[in-house]
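I opened the notebook to record what I looked up, one topic at a time. The entries follow the order in which I checked things.

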Amino acid sequence: MKYGDQEENMANEFPFEISPMFEGERVRKDDMFVELAGPKSRGFELVRAAGSDEIKDGKFSLIGPDISEMQEGSRHPFAMIYRIAGKLVEPDLEAIVERRNHDFQNYIQGYMHLNQRYDVWVRINKDAIKKGLKSFEQIAKATMMLFRNELPFIEKIEATYITNPEEVEKQRAEAIKIYETRDARTRGLHDEDVDVFYGCTLCQSFAPTNVCVVTPDRISLCGAINWFDGRAAAKVDPEGPQFAIPKGEIIDKEGGEYSGVNEKAVALSGGEYSRIKIHSFFDYPHTSCGCFEVVGFYIPEVDGIGWVDRDYAGTAPNGLAFSTMAGQTGGGKQIIGFLGVGVNYFRSPKFIQPDGGWNRVVWMPKNLKEKIKADIPPELADKVPTEDDASDLKTLRDFLEKKQHPVTQRWTKEETAAEAAPEEAGSLAASAPGWSVPAPTMSMPPGMPAMPQMQFGGSEGVKITFKNAKITIDRIVLKGKEK
Ligand code: SF4
């Protein structure tokens, strides 16, 4: 993008700098002039294709109060709707263009955009206001300029921003129907029906080893790009951030491992990863960048997998909040025991199928459960607890036992094995690959299989590998070894 050519114009037109270098910029609470949408309010972003004669290029409309009418420290609902037109513009491109709103708005200095669709979260820095930002029109004009420059198939674009609470609610309900219609398109199409998957590198700007693979049975983990969207984007801009990945040979049908994806994983991750099993939770799982809508987390105490979405403000039964687990999961890594997914992946017939699929799901917040209730296997609907049923590991285990959740069969088998051969079961836990902590100290059902490839191991004690970790220690007491 030719930012240099436009610097002078931008300096005159906008009271802020525009550059990809601001992408990682965060606006903390103390520095924030105003918060828009986000977890404590409501909002959405939407792109719609339209006929060329329906659009007045560059037009901006605002429904509700402008920035200059907002109080410092206040929070408001916020929606951004763009209509685009061009000879190559088709409805299949809407989701792809919509996802770029996140990139382009983050190029604006002092402006933070997080998430996508109905989860958007924006903050504007106090410094931006001091420098002269006073209207959403300035933001919208800069964003539209970036859309046109970066995506030349957009010939005309107009924007409507909404801050009026009632109007946001009304239009949000319509937007959710549009997202659902987009997502429903992939329901009749499966991984085995196509020869090509699609990759996306948009999030490599902050997660350089992230390898996003979008297949008919696995929507992107940000939830914004499905297989049809990837196809449309790759067609209109084959050199762009979305591109085709020929599947190649199938290596593991159940796990969803393909030679073409593995080759791309090596290339995209700079050699960090060479295998990805698209539908596996434990074995070479998909990488997680940070945009995931939901985090899956292994709970060894019940040998099940819990799921928490970014709207849930409480803690999961393992005592951790979404933000804590998201920090553990993100960064473009393959983290065994945590996995980022899009909400729509719960609807996939291949949902973590090598790990037991829905039979392994042992907890989720009630709002998330409500969102996907039509897709939960009917026999499990009342067996998956929420925060109303289980708030810690004890109440979780009690609930699963009382409801005879299928995961309890794993306990029964393992307990029986342990009773039949206690010594053997003990040594099994101790000698499982890379696992040297005896099972009882982990409060696990006896003999429960260790998490594969977890970063413990060796018979010479415990080896723990931390990557990108910050450790704070108040005091260290060193004692000599007694002889
Ligand atoms: S999460 Fe994946 S698919 Fe979504 S924008 Fe990021 S890289 Fe692309």
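Before pairing anything, I noted that two strands pair if DSSP finds at least two bridges between them, and that helices (H or I, at least four residues) and strands (E, at least two) are DSSP runs numbered from the N terminus. This is a predicted model, in which local features need pLDDT of at least 70 and side-chain atom pairs count only at pLDDT 80 or more, while totals for chains, interfaces and linings use all residues. Residues are numbered from 1 along each chain as its sequence is written.

Entry on β14 and β16. I found that β14 (residues 294–299) and β16 run antiparallel and are joined by 4 bridges, and that Phe297 has Phe338 in β16 as its bridge partner. In β16 (residues 338–341), Phe338 and Gly340 point one way and Leu339 and Val341 the other, and all are buried, where buried means that 20 or more other C-beta atoms, placed from the backbone, lie within 10 Å of the residue's own. I recalled that in a regular strand the side chains alternate between the two faces of the sheet.

Entry on the open sheet. I traced 3 strands in the order β10-β9-β11, with antiparallel pairing. Because β10 (212–214) and β11 (242–246) each have a single partner strand, they stand at the edges, and one side of each is left without a neighbour in the sheet. Between β9 (residues 196–200) and β11 I noted 5 bridges, and Phe197 stands opposite Ile245 in β11.

Conventions: A residue is buried if 20 or more other C-beta atoms lie within 10 Å of its own, exposed if 12 or fewer, and partly exposed in between; C-beta atoms are placed from the backbone.
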